Structure formats: structure tokens, C-alpha cells
Amino acid sequence: MPNSSQSDIQILIGNRIRELRNESGFTQETLALLAGLDRTYINSVENGRRNISAQAISKIADALKISLRTFFDSDLFD
């Protein structure tokens, strides 16, 4: 079972992806297609059930046309 800090960061990153995806007007399917990932993977990450890799975060940021700095520039990570 993951410890609390692992679960917390998974949830925070998932929430940030959902927030950015919604701001872009993308569905999970569209984001997945643009990022070269599976829609079910995006869903699992957004819901804090998957531990996302740095590479996948980078693919998602690229698909959203934002930098990694912008991705992590959120009060969620304070």
C-alpha cells in the first residue's frame, strides 16, 4: 500500500491534469490521442489511481502546449 505522500502527489498531479485538460477544452480521449497515451491511463491518473511517470507528464504537457514549469506552476503544489 502506498504511503500518504505518494497518494497525495498522485492525486495532486491528477487534479492538475484534469484542470489543464478542462481549460483546454479537451476530452480525456482527445488528450490521450494528442499525448500518445491511452484514454484509460489518463482517466486512472486523473483519479489518482496510477503513478504517472515523468515521461508521461512531459507528453501531456506537450499535448497541452505548455511547459513543465507551467504544469507545476499551481497552488496545488504549494
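Author: A helix here is a DSSP run of H or I spanning at least four residues, and helices are numbered from the N terminus. The model under discussion is predicted.

Reader: Which residue with a positive phi follows helix 3?

Author: Helix 3 covers residues 39-46. The residue that follows this helix with a positive phi, near 70 degrees, is Gly 48.

Reader: Is Glu 46 buried or exposed?

Author: Glu 46 belongs to helix 3, where Tyr 41 and Ile 42 are among the buried residues. Buried means a relative accessible area under 20%. Glu 46 has a relative accessibility of 2%, so it counts as buried.

Reader: How many salt bridges are found in the whole structure?

Author: Besides those of Glu 46 with Arg 18 and with Arg 21, Glu 19 forms a salt bridge with Arg 16, the closest N and O atoms being 2.4 Å apart. Glu 19 and Arg 16 both lie in helix 1, about one turn of the helix apart. For the whole structure, the number of salt bridges found is 3.

Reader: At what angle do helix 2 and helix 4 pack?

Author: Leu 31, Leu 34 and Ala 35 of helix 2 meet Lys 59, Ile 60 and Ala 63 of helix 4. The axes of the two helices are 8 Å apart, and the packing angle is about 105 degrees.

Note on methods:
Residues numbered from 1 in each chain as written. Predicted model: local features only at pLDDT ≥ 70, side-chain atom pairs only at ≥ 80, totals over all residues. Heavy atoms only, no water. Axes fitted to C-alpha atoms, helices over the stretch in contact; angles between N-to-C directions. Contact = heavy atoms within 4.5 Å. Buried < 20%, exposed > 50% of the residue type's maximum accessible area, 1.4 Å probe, protein only. Salt bridge = Lys/Arg side-chain N within 4 Å of Asp/Glu carboxyl O.
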